[in-house]
Structure formats: C-alpha cells, structure tokens
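Thanks for making time this morning.

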Amino acid sequence: GRYSIMSRLPILESRVIIARDGVEIAYVQFDASASLGRNLTIYLVDLPSELRVPRADQARRVRAWLDDTDAPTPDLVLGDFNTPRDSHSLELLFPEFHHAFDDGGTGYGSSFHRSFPLYHIDHILLSNMLRAESYALVNPEIGRHLIQQAMISSQKSSIEPARD
C-alpha cells in the first residue's frame, strides 16, 4: 500500500484493516520479544482531509469500524490524522493514548504544510506502556508534510510482570 516500513525488529504480520470512505488504517505487528517480552502492534493511519465532515463525527465512525475489526489492540498509532493535536477527535479515536510530542517534543510542533507549517495534523500516539524520549518534525524537502521522528522506549513498570 502507501506505507513504507523500516525496522530492525522482525515483521510478523502486516495488513490493511480499514479502507473505505477515504480512511485507510493498516497494522504491523513486530516481534519485540527480545526488548519488550512480547509483540508490538503499530497502527498506520491516513484519514481524509474532507473539510465538510466534522472531525468528531468522523472519529466516532472510524472508532466503530476499528471496534468491528479482528486486529490486535495497538501499542502505538501513527500517521496523518488531518486533525490537530489535543483535539477531542483524537481522544475519541484512541482514548487511552498520549501524544509522543507531550513526552519528548519541543517548540511549536507543526507538521503541515511542509513549506510553512502551521498545523500539527500528523501524530504518534502511544499506549501507557510506551513513552517518547524525543519527538521531532523533520523537513524531508519533498511532499506536503514534515516527517515525524521519535525515539520510543518502554515504561518498565507497565510491562514488567507482577512479583509476589
């Protein structure tokens, strides 16, 4: 599809789980057993930029579609949401997730349009077991969006097994 993935971790599975009404969401599952003790699931999101559709309505519809899939629960969600950071719509889509920018970002943090970035509409959302040590937006000198770059680590207390 439209995604390129470069990883040091072995890819176990990759497939599109939603492709309708301009929405495309795929997931990739990695073997992260050596570093996390389990697999890592990442959702790749591309939401439409249709201005006439209220973002909250779109988020509710997409959330319902996600709830109807058999895809594993994500640990990390990233992509072009066409929705500003800290919007209610992002919370509707992934209520338990936090933004990588909040952990490791600095500055204004806008990803669109590349030539004069005003809006932060591209996001990396993390489950509570992960945190961003750093988060930056990089100009690739091509395309319409800045590229997100983050260093992600595990929250040890979230993934360590309980001990008696």
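**The sheet and its surroundings**

Let me begin with strand S2 (residues 23–30) and strand S3 (residues 40–46), which pair in the antiparallel sense over seven bridges; strands here are DSSP runs of E with at least two residues, helices are runs of H or I with at least four, both numbered from the N terminus, and two strands pair if DSSP finds at least two bridges between them. Before I go further, please keep in mind that this is a predicted model, in which local features need pLDDT of at least 70 and side-chain atom pairs count only at pLDDT 80 or more, whereas totals for chains, interfaces and linings use all residues. Residues are numbered from 1 along each chain as its sequence is written, and side-chain values use heavy atoms, with hydrogens and water left out.

On the S4 side, S3 pairs in the parallel sense over five bridges, with Leu76 in S4 as the bridge partner of Ile42. Between these two strands the chain passes through H2, and this β-α-β crossover from S3 to S4 is right-handed, meaning that, with the strands pointing away from the viewer, the path from the first strand over the helix to the second runs clockwise.

Stepping back, six strands form an open sheet of mixed pairing, in the order S1-S2-S3-S4-S6-S5. Its edges are strand S1 (11–20) and strand S5 (98–99), each of which pairs on one side only. H2 packs on the sheet, where it touches S1, S2 and S3, and its direction makes about 135° with that of S1; the angle is taken between N-to-C directions on a scale from 0 to 180 degrees, with axes fitted to C-alpha atoms, for helices over the stretch in contact, and contact means heavy atoms within 4.5 Å.

How many residues of S3 are buried? Seven of the seven are, so the strand is largely enclosed by the rest of the structure; buried means under 20% relative accessible area, exposed over 50% and partly exposed in between, with a 1.4 Å probe and protein chains only. Both faces of S3 are covered, with Leu40, Ile42, Leu44 and Asp46 buried on one side and Thr41, Tyr43 and Val45 buried on the other.

Now to the two loop residues. Ala71 lies in the loop between helix H2 (55–67) and strand S4 (76–80), and counts as buried because its relative accessibility is 14%. Not counting residues up to four places away in sequence, Ala71 touches Arg15, Ile17, Tyr27 and Tyr43. From Val16, Ala71 is 55 residues away in sequence but 9.5 Å away in space, C-alpha to C-alpha.

Phe81 sits in the loop between S4 and helix H3 (88–93), and at 0% relative accessibility Phe81 is also buried. Leaving aside neighbours within four places in sequence, its contacts include Val45, Leu47, Leu90 and Ile121.

Finally, the whole protein: its secondary structure comes to five helices and eight strands, and 41% of its 164 residues count as buried. Among contacts between residues at least 6 apart in sequence, 57% join residues at least 24 apart.
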